[in-house]
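Hi,

Here is the structure I said I'd pass along.

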Amino acid sequence: MTYKQRILTDEQKKKFETEGYLIVKGLFTEKQLTDIDKTFDDISNQVIPGHFEPDFQKKITDPLKRYPRVMHPHRFNETAKAYMLHPPVMDVLADLYKEEPLAAQSMFYYKPPGARGQALHQDNFYLKVEPGNCIAAWTAIDPTDQENGGLLVVPKTSDYDIVCPELSDSKESFTTHYVKPPKEHKAIPAVMDRGDVLFFNGNLIHGSYSNKTKDRFRRAFICHYANSSATRISSHYRPLFRADGTTVDLEANPDGGPCGIEYDVPYIH
Ligand SMILES: O=C(O)CCC(=O)C(=O)O
């Protein structure tokens, strides 16, 4: 059956195919973004075991202890689930896959001032979507730039093989893995406005440096998807969800893991 394009132009599709990433502007309205703000402001003052376990002590030195990332909010919060399945995002994904997407994961990063980033890595090392690949939809909730630790992408590495990560620099990264970009490619910043969404596939090398500002958070709602013709995914991401919210259980692919292992060592700023 031939796939009928829904939302992207041919030029946008070409950009994704040749560069390995695509920023689509304004996929969320201000009302929807305010809804996301409120949902994650509320979550930030709670402890949700297994999903969000902040340390509320006044004297902590690592800002990520107070504001760790929220893992899989769609599993306990209906608003997060609805935005993981946001129809404009699902339409872009369908155009990129040329088939229906399945949602596998949601996360929310607060990335407060002073917070470390996440060293360069490849997502399908963790998700292990097969056959096919995962695609990330990275939504800027705050405007992002190099100063506040916006995302970095290494263009054209979307065709680069998945490689075994090296050890990252724990002063810059809160996760242990680092994938060195090939010599001829450089990481460039994805400068984005609130409500823009960056799409990239699971082979693209990407990550972020620390938030160097004194007063600007760099919040992002980050979801990962699989093509519906995939048969396997790492067990951390099951079950998956169709656009209508119903679940699909793919076979568990061994050796995957949560996206980026976190350091379990004291933070030195
Ligand atoms: O938002 C970031 O700083 C990194 C997120 C990321 O790389 C990911 O979710 O795979």
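This is a predicted model: local features need pLDDT of at least 70, side-chain atom pairs count only at pLDDT 80 or more; totals for chains, interfaces and linings use all residues.

Around the ligand there are 13 residues, and the ones that come nearest are H121, D123, W138, S208 and R218.

For H121 the corresponding distance is 3.0 Å, and for H206 a side-chain N or O atom sits 3.1 Å from an oxygen of the ligand. As for cover, the ligand would expose 290 Å² if taken alone, and the protein buries 100% of that.

The space the ligand takes up is also the largest cavity. If you want to trace the shell by secondary structure, look at β3 (101-109), β10 (206-208) and β11 (220-227): these are the elements that give two or more residues to it. By class, the shell residues come out as six nonpolar, five polar and two charged.

Then there's the second largest pocket, with a volume of about 200 Å³. It has 13 lining residues, and A119, L120, E172, Y178 and Y209 are the ones nearest its centre. The lining of this pocket divides into six nonpolar, five polar and two charged residues.

That's what I have on the two sites.

Cheers

Terms used. Residues are numbered from 1 along each chain as its sequence is written. Side-chain values use heavy atoms; hydrogens and water are left out. A residue is near a molecule or strand if one of its heavy atoms lies within 4 Å of it. A polar contact is a pair of N or O atoms within 3.5 Å; within protein, one must be able to donate a hydrogen and the other to accept it, and residues adjacent in sequence count only if both atoms are side-chain atoms. Accessible areas come from the Shrake-Rupley method with a 1.4 Å probe; for residues, only the protein chains shown count as cover. On a 1 Å grid over the protein atoms alone, a cavity is a set of points where a 1.4 Å probe fits but cannot get out, and a pocket is an open set with protein on both sides within 12 Å along at least five of seven lines; lining residues have an atom within 4 Å of a point. A molecule sits in a cavity or pocket if more than half of its atoms lie within 2 Å of its grid points. Helices (H or I, at least four residues) and strands (E, at least two) are DSSP runs, numbered from the N terminus. Ala, Val, Leu, Ile, Met, Phe, Trp, Tyr, Cys and Pro count as nonpolar, Asp, Glu, Lys and Arg as charged, and the others, Gly among them, as polar. Grid points are joined across faces, edges and corners, and a volume is the space filled by probe spheres set on the points.
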